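Look at the model, then read on.

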Amino acid sequence: MNKKLSWSSKLSFGLGAFGKDAVYAIVGTFLMYFLTDVKGVAPAFVGTLFLVARIFDAINDPLMGVIVDNTRSKFGRFRPWIMIGTVLNSVVLVLLYLNVGLSGKGYSTWVAILYILWGLTYTIEDIPYWSMVPALTDDPQERDQISSIPRFFASLAWLVVGSGGFTIIGFLGKGDQATGFSRFAMIIAVIFIIASTLTCMNCREVHEVSGNTEKTSVGKMLEILFKNDQVLAVLGIAVLFNLGYQLENSFATYYFKYVVGSTSGALFSVYTGVAGIAQMATLALFPSISAKIGRPKAFLIAAASQVIGFALLFFCGMACPSSAVMVGVCSVIINIGIGFMLVLVTVSLADVVDYGEYKFGTRNEAIIFSMQTFVVKLAGAVSGFISGVGLTVIGFVANQTPSAGTVTGMRVLMIVIPAVLAVLTYIIYLFCYKLRGEYLEEVKSAIAAKRK
């Protein structure tokens, strides 16, 4: 076992997540709304762009994993790429929301190019960031901490950007949303650079394993991924969870504006604000809860909480749609489950890295963790496509009163599908994931004996 990490290192690592998730939040929560309702871009075009760009971006993730695993420098494998990706992505983010004097096909082309570049540059930073988790410590309790702390800060970023977004945009733009979005993006870009700088200054790789000095080829990468059955199990869980999570995020702005009728954005702010607080509380408590009840029960809570919360939101949406209290209650229940699942996917992948060393004799943190971002982006591509094309199919027209069929369609896309996907994640965990209990202890004991 390596020495304990200092709290300054843990907090610095968490701050890195705040910066990068603030960037992801302004894109994931508001970009579709910005393009359709502020800039007047057709929803079907936006949905198709999201699908194509994110699939292209997702393919780059494992390739970036290979690059990071093959990196050797005096600053380590991860930190150089974190800073390079941060600076590039910040520039692209500002250009993406820049209030340029383009319209029609010219603007659509501008957005398409920048959105693809945004995903590509985000990959350069995101892959090495999460790949650091198993390289920072091999202590199980510390892994729970360094997986939950950045998730806590990430949820804080989503809370600030999501619940306060429209207010901040209105203030910065003085009534002009296009200008407000542009200035908000600039502020977030600066925060991103500062946060990543703190991470790189205070977090170092303290866990190196011999036998990882040879270069990893693309063919070796595929062998690592497809021979490791537990990678595939975790990825199955991650892709279904993220698809449901991102569908909910994509449709929340539309759901509260058009289904609930909260045109001021007040209920959306309640929903996202409470979501952030619930996730942060869950993430802060996760290490102690997991130590007491174990990860199998934590997985059950993660799935069941989402299903119960979505069911309650569905019925409240018909019985008392404008109740801020009920919207908040539903958000708490849903996001307790989401908070649990965010950490569980990360710590499960860290265990999969150990399993790879136990089973095949090599550790490939960046390649394995690149699959986490791969499935997040793949889920984002599918959810973006479903969102854009789904809005067209259900008859959505921006800034007009929706029909009964459109309202029903939005309920299905925002609530029903994510609830079903939550059930499927637990089924995969129950029948396909085996790194738990005595077997996980056997894996860790064998690795410790081998190193000694």
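Q: What makes R436 a charge over a ring, and which ring is it?
A: This is a predicted model. In it, R436 lies over the face of Y429, 4.8 Å from the ring centre. The cut-off for the distance is 6 Å, with CZ as the atom that counts for Arg.

Q: What makes K39 another such case, and which ring does its charged end sit over?
A: The charged end of K39 sits over the ring of Y107. The distance to the ring centre is 5.0 Å, and the limit for NZ of Lys is 6 Å.

Q: Why is the pair of Y429 and Y433 called stacked?
A: A ring pair is described by the distance of the centres and the angle of the planes. Y429 and Y433 are 5.6 Å apart, centre to centre, with 25° between the planes. Centres within 6.5 Å make a pair, and planes under 30 degrees apart count as stacked. So Y429 and Y433 are an aromatic pair of the stacked kind.

Q: How do you know whether Y429 and Y433 are buried or exposed?

A: Y429 has a relative accessible area of 2%. For Y433 the value is 4%. Buried means under 20%, so Y429 is buried and so is Y433.

Q: How many aromatic pairs does the structure hold, and why is the pair of Y255 and F256 called what it is?
A: The structure holds 31 aromatic pairs. The ring centres of Y255 and F256 are 5.1 Å apart and the planes stand at 90°. Over 60 degrees counts as edge-to-face, so that is the name for Y255 and F256. Both residues are buried.

Q: Which residues do ring pairs link into a cluster?
A: The cluster consists of F30, Y33, F34, Y97, F166, F181 and F268.

Q: What makes α8 and α9 parallel or antiparallel?
A: Helix α8 (residues 229–259) and helix α9 (residues 266–293) cross at roughly 150°, and their axes come within 8 Å. Angles over 145 degrees count as roughly antiparallel, so α8 is roughly antiparallel to α9. On the α8 side, Y245, E248, A252, T253 and F256 make the contact. On the α9 side it is L267, F268, Y271 and Q279. By class, this contact of α8 with α9 has 6 nonpolar, 2 polar and 1 charged residues.

Q: How do you know the relative direction of α2 and α12?
A: The angle between helix α2 (residues 43–69) and helix α12 (residues 365–393) is about 175°, with the axes 7 Å apart. The cut-off is over 145 degrees, so α2 and α12 are roughly antiparallel to each other. Their contact has 19 nonpolar, 9 polar and 6 charged residues.

Q: What makes L430 buried, partly exposed or exposed?
A: L430 has a relative accessible area of 38%. Buried is under 20% and exposed is over 50%, so L430 is partly exposed. L430 is in helix α13 (residues 404–432). Its C-alpha atom is 9.1 Å from that of F299, 131 residues apart along the chain.

Q: What is the phi of K174, and where does K174 lie?
A: Most residues other than glycine have a negative phi. K174 is not a glycine, yet its phi is positive, about 50°. K174 lies in the loop between α5 (140–173) and α6 (177–202). At 72% relative accessible area, K174 is exposed, because the cut-off is over 50%.

Definitions and conventions:
Residues numbered from 1 in each chain as written. Predicted model: local features only at pLDDT ≥ 70, side-chain atom pairs only at ≥ 80, totals over all residues. Heavy atoms only, no water. Axes fitted to C-alpha atoms, helices over the stretch in contact; angles between N-to-C directions. Helix = DSSP H or I, 4+ residues; strand = E, 2+ residues; numbered from the N terminus. Parallel < 35°, antiparallel > 145°, perpendicular 65-115°, else oblique. Contact = heavy atoms within 4.5 Å. Nonpolar A, V, L, I, M, F, W, Y, C, P; charged D, E, K, R; others polar. Phe/Tyr/Trp six-rings, centres within 6.5 Å; stacked < 30°, edge-to-face > 60°. Buried < 20%, exposed > 50% of the residue type's maximum accessible area, 1.4 Å probe, protein only. Lys NZ or Arg CZ within 6 Å of the ring centre and 35° of its normal.
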